Amino acid sequence: MEFLVPYLLLKSIHIGSVILSGSLFFIRGRWMLSSSPRLQQTWVKVVPHIIDTVLLASAIALTLQIHQYPLTSNWLTAKVVGLLLYIVLGMVALKHGRNRKVRRLAWWAAIVVFLYIVAVALTHNALIVVA
């Protein structure tokens, strides 16, 4: 099966999307903690969804190209489980946390999970231990 997007270009799009998504999440969390009105700007509500859609689409395309899939490759399974946890923690941090303390804790936990996902991606090892 021939793919329309070469592997290295697709991987670059994926990595760029990861960097943009993580950076924007970090910035939005800082704005949340400081009660910044910037969180209410339209672009802040729209752009993360566009970036995350590109990120997810490139992830799916990469799995198809490298023929490694969640539930059959431990490291990809770990990334998917981490992603789900990251999404839940991000929602608590930026929207559904009942108070600032809960939101701050969820934000930091989401950042730790994000870094875990990146570490798994770099090493292809689901059992990353940070010393």
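Hi everyone, let's start with how this chain folds back on itself. Take the contacts between residues at least 6 apart in sequence: 65% of them join residues at least 24 apart. Please keep in mind that we are looking at a predicted model.

So what is the protein built from? There are four helices and zero strands, and from the N terminus on the order reads α-α-α-α. Along the principal axes, the C-alpha atoms fill a box of roughly 50 × 35 × 20 Å. The chain has 131 residues, and 32% of them count as buried.

Let's go inside. The largest nonpolar core has 17 residues, and Phe25, Met32, Tyr86 and Trp107 have the most contacts within it. Which elements give two or more residues to this core? They are helix H1 (7-33), H3 and helix H4 (100-123). H4 provides the largest share, with seven residues. As background, nonpolar side chains tend to be buried together in soluble globular proteins.

Now find Phe25 on the screen. Setting aside neighbours within four places in sequence, Phe25 touches Tyr86, Gly90, Ala93, Leu94, Trp107, Ala110 and Ile111. Phe25 also belongs to a cluster with Tyr86 and Phe114, linked by ring pairs.

On to the aromatic pairs, and the count here is five. One of them joins Phe26 and Trp107: the ring centres are 5.2 Å apart and the planes meet at 35°, so this pair is tilted. Phe26 sits in helix H1 and Trp107 in helix H4, 81 residues apart. Are these two buried or exposed, or something in between? Phe26 counts as partly exposed because its relative accessibility is 38%, while Trp107 is buried, at 1%.

Another pair is Trp31 with Trp43, and this one is edge-to-face, with 6.3 Å from centre to centre and 85° between the planes. Trp31 lies in helix H1 and Trp43 in helix H2, twelve residues apart. Trp31 counts as buried because its relative accessibility is 14%; Trp43, at 41%, counts as partly exposed.

Look for a nonpolar patch on the surface made of Leu56, Ile60, Leu64, Tyr69, Val80, Leu83, Leu84, Ile87 and Met91, with about 760 Å² of accessible area together. Helix H2 (42-66) and helix H3 (74-96) each give two or more residues to the patch, and H3 gives the largest share, five residues. Ile60 is found in helix H2, and with 46% relative accessibility it counts as partly exposed.

Definitions and conventions. Residues numbered from 1 in each chain as written. Predicted model: local features only at pLDDT ≥ 70, side-chain atom pairs only at ≥ 80, totals over all residues. Heavy atoms only, no water. Buried < 20%, exposed > 50% of the residue type's maximum accessible area, 1.4 Å probe, protein only. Contact = heavy atoms within 4.5 Å. Patch = residues over 30% accessible without salt bridge, like charges linked within 9 Å, V, L, I, M, F, W, Y side chains within 5 Å. Areas by Shrake-Rupley, 256 points an atom, 1.4 Å probe, with all protein chains shown as cover. Salt bridge = Lys/Arg side-chain N within 4 Å of Asp/Glu carboxyl O. Core = buried A, V, L, I, M, F, W, Y, C linked by side-chain atoms within 4.5 Å. Phe/Tyr/Trp six-rings, centres within 6.5 Å; stacked < 30°, edge-to-face > 60°.
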